[in-house]
Amino acid sequence: MSAFLYGVALQWKLDIRSKSLLVSCYLVPLIFFALMGGIFTSVNPEMKDTLIQSMTIMGVSMGAFIGFPVSLVETYGSDIKNVYKVNDAPLFFGLVSMFLSTFIHLLLMSVIIFLAAPVAFGASLPQNLPLYFAALAVFTAASLGIGSLLGLAVKSQAKLPMFAQLIFLPSIMLSGIMFPLELLPNALAAIGKIFPAVWGYRLMLNEGFRLQNLWYLLLLFVVSAVGCALLLRRLANE
């Protein structure tokens with residue numbers, strides 16, 4: 001256990017130096033928040049009530065779908081995975097340590113938005129803070145689960161950005177954070193519900209922490225865990 005915790009702490013320090021995670025988990029989400037936060041609240045002052053949730057959904061999705069899979073491909077798509085085999089270390093060790101490290105980074109980014117939004121844009125704080133952060137943790141874990149599948153399934157760093165954007169863009173555009181889902185055609189609204197952002201956004205809203213918004217995220221996490229186990233087994237046999 002001590003070796004595992006040391007590995008997580010080491011991975012967290014390595015991720016701080018990772019340009020891809022720095023850009024996707026901090027730089028781009030916070031720049032987007034700084035630029036679009038003022039625009040959203042100026043165009044529609046009512047968005048102050050949901051600005052924290054909207055910007056957090058965008059930031060977590062970017063880190064989970066665009067930044068996190070790159071780290072996995074760099075490890076499992078290269079000879080680094082052979083180091084685990086040579087030292088008789090389980091392949092899942094790297095995945096779990098990177099998962100937890102990125103989880104912490106995304107929570108830190110979300111806390112920055114949480115603290116800055118009321119000061120910078122007069123955004124309203126969530127009414128129930130424990131439930132809000134519980135919803136944030138569930139959404140982040142589910143999103144990283146999808147990112148884990150993406151990073152393990154796609155072995156080519158050249159192809160990874162294309163697949164990442166195919167998940168990230170519709171996830172954001174059809175999530176309801178940019179405009180109400182009621183304005184979308186029924187087909188697009190139905191497609192949007194495939195992605196975790198729709199459910200995460202609903203779960204993080206005031207009085208939104210309910211089973212009807214929670215079950216799908218939990219299902220995604222379980223399915224992702226099973227999928228990752230199968231992909232790791234395949235990698236171990238290569």
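Modeller: Let us begin with a definition: helices (H or I, at least four residues) and strands (E, at least two) are DSSP runs, numbered from the N terminus. The structure is a predicted model, in which local features need pLDDT of at least 70 and side-chain atom pairs count only at pLDDT 80 or more, while totals for chains, interfaces and linings use all residues. Residues are numbered from 1 along each chain as its sequence is written, and side-chain values use heavy atoms, with hydrogens and water left out.

Colleague: How many helices and strands are there in the protein chain?

Modeller: The protein chain has 10 helices and 0 strands. Along the sequence, its pattern reads α-α-α-α-α-α-α-α-α-α.

Colleague: What percentage of the residues in the protein chain is buried?

Modeller: A residue is called buried under 20% relative accessible area, exposed over 50%, and partly exposed in between (1.4 Å probe, protein chains only). Of the 238 residues in the protein chain, 47% are buried. Among contacts with a separation of 6 or more, 76% join residues 24 or more positions apart.

Colleague: Which residues of α7 are buried, and where do they fall when seen down the axis?

Modeller: The general idea is that an α-helix has 3.6 residues a turn, so residues three or four places apart point the same way. In α7 the buried residues are L160, A164, I167, F168, S171 and I172. Seen down the axis of α7, these buried residues fall within an arc of 115°, so they line one face of the helix; the arc is that of the directions from the helix axis to the C-beta atoms. The cover over them includes α3 (51-76), α6 (129-153) and α9 (196-204).

Colleague: Which residues does A164 touch?

Modeller: A164, a residue of helix α7, is buried because its relative accessible area is 3%. Leaving out residues up to four places away in sequence, A164 touches F65, I66 and L150. The C-alpha atoms of A164 and G67 are separated by 9.1 Å, although these residues are 97 residues apart along the chain.

Colleague: Which residues of the largest nonpolar core touch the most other members?

Modeller: In soluble globular proteins, nonpolar side chains tend to be buried together. A nonpolar core is a set of buried Ala, Val, Leu, Ile, Met, Phe, Trp, Tyr and Cys residues joined through side-chain atoms within 4.5 Å. The largest such core here has 66 residues, and those touching the most other members are I57, F68, Y76, L95, L144, L152 and L232. Two or more residues come from each of α2 (19-43), α3, α5 (92-121), α6, α7, α9 and α10. Helix α3 gives the largest share, 13 residues. For I57, the residues touched include F139, I172 and M204, not counting residues up to four places away in sequence.

Colleague: How many aromatic pairs are there?

Modeller: A pair of aromatic rings is described by the distance of the centres and the angle of the planes. Rings of Phe, Tyr and Trp (its six-membered ring) pair if their centres lie within 6.5 Å; planes under 30 degrees apart count as stacked, over 60 as edge-to-face and the rest as tilted. This rule gives 9 aromatic pairs. The rings of Y132 and F133 have centres 5.1 Å apart and planes at 80°, so this pair is edge-to-face. Y132 is buried, at 2% relative accessibility, whereas F133 is partly exposed at 31%. W199 and W215 also form an edge-to-face pair, with 6.1 Å from centre to centre and 65° between the planes. This pair links distant parts of the chain, 16 residues apart: W199 lies in helix α9 and W215 in helix α10 (residues 211-236). W199 is buried at 10% relative accessible area, while W215 is partly exposed at 42%.

Colleague: Which residue lies over the face of W199?

Modeller: A charge sits over a ring if NZ of Lys or CZ of Arg is within 6 Å of the ring centre and within 35 degrees of the ring normal. R202 lies over the face of W199, at 5.3 Å from the ring centre.

Conventions: Contact = heavy atoms within 4.5 Å.
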